[in-house]
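Colleague: Could we go through this model together, one question at a time? I would like each answer to end on what was asked for.

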Amino acid sequence: MTPTRRSFLKLGTGAAAASALGFDLTPAYAQARELKIARTTETRSTCPYCSVSCGVIIHTLGDKSKNVRPAVVHVEGDPDHPINQGSLCPKGVTLKQDIINDRRLTHVRYRAPGSDHWEEKPWDWAIDRIAHLFKETRDRTLRQLDAQGRTINALTSIGVIGGCTDANENNYLLVKAFRAGLGVIPLEQQARI
Amino acid sequence: MTNGWTDIRNADVILAMGGNPAENHPVGFRFVMEAKRERNAKLVSVDPRFNRTAAVADSFTQIRAGSDIAFLAGLMNYALSHDRYQAEYVRLYTNATFLVKDGYAFNEQEGVFSGWDAQKNTYDKSTWNYELDEKGFAKVDPQMEHPRSVFQLMKKFYARYTPEMVSQVCGCKPADFEKAAEIITSTYTPERVGTILYALGWTHHSFSVQLIHAAAMLQMLLGNIGCAGGGLNALRGHANIQGGTDCGMAYHNLPGYIAIQKADHGSLQQYLDAVTPKPLRPNSMNFWANTDRFVVSQFKAYYGKAATKENEFGYGWHPKLPQTATGGYENWSWAYIFDHMCNRQMEGFMSFGMNPVANGPHSKKVVDALEHLKWLVVAENFETETAAFWKPEILELIGRKPSDVATEVFLLPAANFAEKDGSFTNSARWMQWKWKAVDPPGEAKADQEIIARIFLKIRELYQKEGGTAPAPVENLNWWYSNPAKPSLEEVAREINGWAIADLHDEHAATVKEREAVVLKAGQQVGKFLDLRADGSTLCGNWLYVGSYTEAGNLMMRRSTADPSGMGRYSEWSFNWPANRRVMYNRCSADAEGRPWDAARPVIRWNGEKWVGDVPDYKADSPPDALMGAFIMLPEGAGRFFVPGQYAEGPFTEHYEPAESPVANPLHPAHSSNPMVKHFQTEWDKLGKPDEFPIVCTTYRLTEHFHYWTKNNPYNMQLQPEFFVEVSEELAHEKGIGNGDKVRVTSARGAIEGKAMVTKRIKPMMVAGKKVYQIGFPIHWGFLGRGQQKGTLANLVTPTIVDPNSFAPEYKGFLVKLEKV
């Protein structure tokens, strides 16, 4: 008998349990069809690119077990977000590559005076060295008084830029630590340019 | 943005100018398309290129890069001369009724305002002011008929901008201008509303502040500010550039847009007197009268218990902006920083997530500047041209090699957006919390930890060995539970602020009421006027009050409910100020407090209070009290005429870019902005049109973000390399075929890439001269995947900056083009 398309489909579904292989394939198929995000943890975030600030959902796997480093497996638009309602632009849909990228920096790099290459250094060494350089410059060049003898406590020999790529709270910490604390006047960010 | 992304859906007319939202803010652009689809809104695109926004627009007009003011001034003249302005709105809410001081004038032949000093090339601005009565209030003429009323002066001022003059300057045909003007000014009736969407295409000029002022003037004339579907909307270029600005990441401002203290503000009181405006109309709210509360609370946040009444809350510890020898103040804005660096006035520099070699004007000058540093710290996700400026291929730009450069460089691996929490403030002023998803890779650390560890190590050194002025370092209020890695939730609480002591009702009528506690010590403040000037409250940024209250972290809110039905989503995140979704919303209602358009209400007076959106007004002040709709301004009225604030004049006038193919057709004597100052290093060169005849502009592509995505495989596959857009006519003249290699050269440098011969840019007639324009996108450089080839767009841009905002002139400079 030549099976019609209809009877073939019937065979494929209802008769699957009694397949020619002698065991039931249904669960195996179901397993293969499960989406990679079915068992992920979803974290709500905001796209770091333009100022529309679309809501994104970052899917990570592996965060439920100890000694396993969670990995981002997918980033998608947040359907609940009133602005993007799940959609993303060509940059937003590639956000996973902004997170997992073999060009990401993973260690402190240092370039010595006159050198033509990077050296890898430990964090503690770098923080210590930066702090000494900062303090030495500040101690020597802080303008405590101006030409008219007025207190200004202005540090103009060191500049600090940053923030538009980071959270408000980090912007505030930059302002607090470097201007209110250490006296830095040249404090700027992308908004100027 | 005065309004917000989701509000664009309420517009009848959308003017996209100085921006290309379909390309650069594509997801926000959905609301433009929704307005077109649902309301039959008209989209008008005005741009040097037929771009992706123009492709879906109802009207497109091509103009020369750098001629936008003339176009907007022409629109104002069109509205004023065709009786297409909302007269009642203008009379009620703007300073059109105010009288200007006798002596104010504009010299139409010379192109300068009264007070111009040709010897010193500067202005005495004393005549740029209102005529005041004996009490110090501005005089007004409600009929707007007085010859010195702002309205009459404005009408005369802009009468010069006829369609023919617009055509002379902008290079568009008079009839095309008039077609666009007809659509744009159609929103002058109370029932129609138009919005303006702009971006870096307006801010990157040597007259950028005046340009945006012109747009604000147009929107006030048409009665569009404060209304649903209206406003003046800056589409900002980075996810948290708005927040960075709000939080004081600028040399001239403290958090919350409070001007930084200057060398001549010897005491806290002198400072407060200098930065607190006096009301200019009897009933104006003049909200900045509360500056003392914001300043003292901020100092309490900085210096904690060490900030006492006796030491002026630590006022003397905070740095003051130094004065120059001539009596002005030193300028430490971006371009000036690198100029000072070139002149060996700086030793150290720290860059958190910024890449000035790529994103600053004139890359060669920046490389030279960095070479003068003793040390440089860069915290980044990826290696950047700035961190690697000492590499041979980059130093070659200025003819140096690594062994010549003594700068010590630290490149610190930093976490990205997904690897830390915290809030971003988007263009619509929505403060949205995000949650951390994963740890940063390898040894990379979150910025809060990098900042804290550097600061704490420096503090430790001061505690151990002493040093210069240790008090602010030692007394900084670093109260966080984990000092070396502050929790951003704790920082967010500090930014919002809390009561240090029990607070009482300041305006209580009886002693008993005064004794009642309105906020207990330790409780988060909930509204601006909870803040006190006596040291009993602490607040890092008054503008963000309400974001983290006793109700919790409101930036985390995720309710999609929209009771307004107009896309205000009042319980989604927190919208500064005070969760207000539409700024200046008093203007959305008439003199009696009824919405101009009943179908699109923002707020209305219900007999007792204002209801709807959070009112941009005293909530219980009746309309007949005439408080003035602009509560942040001392005159309470929107400013057509800006008294004294801007460098180059109280009204917006068209000036040519610093490099222009023609002399200003209005007044060749002062062709470009007379208040622009020129840097003097060997790098600061301008080109002349005989050698560099072509107008050039720069822009972004939707497939890339700034200089970041050149590290991502997909983005590089979508847009693999730098290219130059050239008109068919210019290509023909130069014998350039599509895909040929070309070189673009300015007085500063050259850049090479493939030519993209296109119909999207056309030659134009400007002041009787045939002018070509070219343009190119900015996204490549030296480091990244694929074909970078050193194609930094800013190798050719000038170091000219606006005299108010100090933003560089990236749009509308001069180049020449050759086939390689």
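Colleague: How far apart do the C-alpha centres of domain 1 of chain B and domain 2 of chain B lie?

Modeller: This is a predicted model, in which local features need pLDDT of at least 70 and side-chain atom pairs count only at pLDDT 80 or more, while totals for chains, interfaces and linings use all residues. Residues are numbered from 1 along each chain as its sequence is written, and chains are lettered from A and ligands numbered from 1 in the order in which they are written. Chain B is divided into domain 1 (5–102 + 142–237) and domain 2 (668–819), with bounds that come from an automatic or database domain assignment. The C-alpha centres of these two domains of chain B are separated by 26 Å.

Colleague: Which elements give two or more residues to the side of domain 1 of chain B that touches domain 2 of chain B?

Modeller: Contact here means that the C-beta atoms of two residues, placed from the backbone, lie within 7 Å, and 30 residues from domain 2 of chain B take part along with 21 residues from domain 1 of chain B. Helices (H or I, at least four residues) and strands (E, at least two) are DSSP runs, numbered from the N terminus. On the side of domain 1 of chain B, the elements giving two or more residues are α1 (21–24), α8 (200–203) and α9 (208–221) of chain B.

Colleague: What is the radius of gyration of chain B?

Modeller: Chain B contains 22 helices and 33 strands, and its C-alpha trace spans about 90 × 70 × 55 Å along the principal axes. The globule rule, 2.2 Å times the number of residues to the power 0.38, is compared with a radius taken over C-alpha atoms. For 820 residues that rule gives 28 Å, and the value for chain B is close to this, so chain B is as compact as a globular protein of that length, with a radius of gyration of 27 Å.

Colleague: Is B:Met341 buried or exposed?

Modeller: B:Met341 is found in helix α13 (residues 334–342) of chain B, and, leaving out residues up to four places away in sequence, this methionine touches B:Met346, B:Ala369, B:His372 and B:Leu373. A residue is called buried if 20 or more other C-beta atoms, placed from the backbone, lie within 10 Å of its own, exposed if 12 or fewer, and partly exposed in between. Because 25 other C-beta atoms lie within 10 Å, B:Met341 is buried.

Colleague: Which residues touch the most other members of the largest nonpolar core?

Modeller: A nonpolar core is a set of buried Ala, Val, Leu, Ile, Met, Phe, Trp, Tyr and Cys residues joined through C-beta atoms within 7 Å, and the largest one has 300 residues. B:Met76 is in contact with B:Tyr158, B:Met217, B:Leu218 and B:Leu221, once its neighbours within four places in sequence are set aside. The residues that touch the most other members are B:Ile14, B:Met76 and B:Leu412.

Colleague: What separates the centres of domain 2 of chain A and domain 4 of chain A?

Modeller: Chain A has five helices and nine strands, and 47% of its 193 residues are buried. The division of chain A is into domain 1 (1–34), domain 2 (41–99), domain 3 (106–138) and domain 4 (142–193). Taken over C-alpha atoms, the separation between the centres of domain 2 and domain 4 of chain A is 33 Å.
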